[in-house]
Amino acid sequence: MNELLLIAGMFIVTFGVRYILWGSAGRFRFPPWLSDALGFVPAAVLTAIIVPAVLMPQGELWLSAANPYMLAAMASLVISLWKNNLLLTIVFGMTVFMLLRVLLPG
Amino acid sequence: MEPNLNTDNPAASPEQRRQALLEGAQATIPLIVGAIPFGILFGTLAEPSGLSLWATLAMSWIVFAGSAQFIALGLLAGGAGVGVIVATTFVVNLRHLLYSAALVEQVRHLPQYWRVPMAFFLTDETFAAVSNRLLQTDKDSMQKAVAHWYYLGSALAMWGNWQLCTWLGIGLGEAFPDMTNWGLDFAMSVTFIGMVAPYLRSQKQGRTHWHTPMLICVVSAGLMALATWSLPHKLGLIAAAVTGICLGYSAHLWQQSRQEADA
């Protein structure tokens, strides 16, 4: 892993996205369809990270009531939809996860 | 619209600039408080994920993108290559295009030596804190003369806090090396769940509904992520995200055309 390349690459794409419209002072515009499509980006990326992390924590599909990652993720989703509070979701989800790790077999 | 060259704008005094700088920082405090746990968690998880000390500090210093930094750690721990991490960073940060598009009329009169640092410091938090104030400045030329100082105050407070939290997290990780066994690997998942869930609901006429295109987006992205998990370099992540975006956007178009047919 070349860390210098990693940091430089992440910097270039992050700054590039933030700067392109302001740097060109609005001469470069993007069409409305693109901003509609961009609205789906965060949810799609985050979900693509979460789902394997909680359903395949050891690299294989683990759909079982003994999987603390899956159960705690489901509980966190419910509380998040219900209360819509990020910090509450994190504290609640971590508490459920740690309890399950102690209580569940294996 | 013709670019506003602001020749009629009154010049702001140093005192007014300082005032705007402080007000910008103040308006960002609630959002800074929300960012503190993530900064600490980033610093704590960096070393166990395989990032060296200097790279951890450099990432917070010059990349300065909370969710992308988190995701990079998750990918590093999973053995992804530089190309995939950079490509994912790009996709995750595309939302900043929306922010900069919303404010382009407010910055176009500024010289490049302002626009460059303002773009560097553009985050979810600073956008949330400054956009209302900046969008109202068109009515008040004095406000407009100091709006960029207001933005800078918000940005510097956010950036400074992010550095402090990163250091604090690194220190905590060194003081408690077995912290990673406490289930911190789940901390990232639960954080992301809390970030995704609000997208699934939408407000219409004061009532909350399921956002159907967004549901289609996340379900398809999740299934695709499982199906492509074994692809090398975590390329499945990109495939899953693209699938979710395409299907979600298609559902959005379909919903729109149906509403137009009804109207």
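View 1. The C-alpha centres of domain 1 of chain A and domain 2 of chain A are 29 Å apart. Domain 1 covers residues 1–30 and domain 2 covers residues 31–103; domain bounds come from an automatic or database domain assignment. This is a predicted model, in which local features need pLDDT of at least 70 and side-chain atom pairs count only at pLDDT 80 or more, while totals for chains, interfaces and linings use all residues. Residues are numbered from 1 along each chain as its sequence is written, and chains are lettered from A and ligands numbered from 1 in the order in which they are written.

**View 2. Chain A as a whole.** Chain A has five helices and zero strands, so its elements run α-α-α-α-α from the N terminus on (helices, H or I, of at least four residues and strands, E, of at least two are DSSP runs, numbered from the N terminus). Along the principal axes, the C-alpha atoms of chain A fill a box of roughly 60 × 40 × 25 Å. The radius of gyration of chain A is 20 Å, whereas a compact globule of 106 residues would have one near 13 Å. The radius is taken over C-alpha atoms, and the globule rule is 2.2 Å times the number of residues to the power 0.38.

**View 3. The interface between chain A and chain B.** Here 60 residues of chain A are in contact with 70 residues of chain B; two residues are in contact if their C-beta atoms, placed from the backbone, lie within 7 Å. On the chain A side, α1 (3–23), α2 (32–38), α3 (41–55), α4 (68–83) and α5 (86–103) each supply at least two residues. Helix α1(A) gives the most to this side, with 16 residues. By class, the side of chain A that touches chain B has 44 nonpolar, twelve polar and four charged residues. Ala, Val, Leu, Ile, Met, Phe, Trp, Tyr, Cys and Pro count as nonpolar, Asp, Glu, Lys and Arg as charged, and the others, Gly among them, as polar.

**View 4. Helix α3(A) against helix α11(B).** Two packed helices are described by the angle between their axes and the distance between the axes. The axes of α3(A) and α11(B), residues 235–262 of chain B, come within 8 Å and cross at roughly 140 degrees. Axes are lines fitted to C-alpha atoms, for helices over the stretch in contact, and angles run from 0 to 180 degrees between N-to-C directions. The two helices are therefore oblique to each other (angles under 35 degrees count as roughly parallel, over 145 as roughly antiparallel, 65 to 115 as roughly perpendicular and the rest as oblique). The crossing of α3(A) with α11(B) is right-handed; a crossing is right-handed if the near helix is turned clockwise from the far one by less than a right angle, and left-handed if anticlockwise. In α3(A), Val41(A), Ala44(A), Val45(A), Thr47(A), Ala48(A) and Ile49(A) meet Leu237(B), Ala240(B), Ala241(B), Gly244(B), Ile245(B) and Gly248(B) in α11(B). This contact has nine nonpolar, three polar and no charged residues.

**View 5. Helices α10(B) and α11(B).** The axes of α10(B), residues 212–227, and α11(B) come within 7 Å and cross at roughly 155 degrees. The pair is therefore roughly antiparallel. Helix α10(B) and helix α11(B) make a right-handed crossing. Their contact has 15 nonpolar, eight polar and no charged residues.

**View 6. Helices α1(B) and α3(B).** Helix α1(B), residues 14–49, and helix α3(B), residues 66–77, have axes that come within 10 Å and cross at roughly 25 degrees. That makes α1(B) roughly parallel to α3(B). The crossing of α1(B) with α3(B) is left-handed. Among the residues of α1(B) that meet α3(B) are Phe38(B), Phe42(B) and Leu45(B); those of α3(B) that meet α1(B) include Phe70(B), Leu73(B) and Leu76(B). The residues of this contact divide into nine nonpolar, three polar and no charged.

**View 7. The two domains of chain B.** Chain B is divided into domain 1 (14–182) and domain 2 (188–262), with 25 Å between their C-alpha centres. Eleven residues of domain 1 are in contact with eight residues of domain 2. On the domain 1 side, α3 and α4 (82–93) each supply at least two residues, and α4(B) gives the most, with four. The residues on that side of domain 1 divide into seven nonpolar, four polar and no charged.
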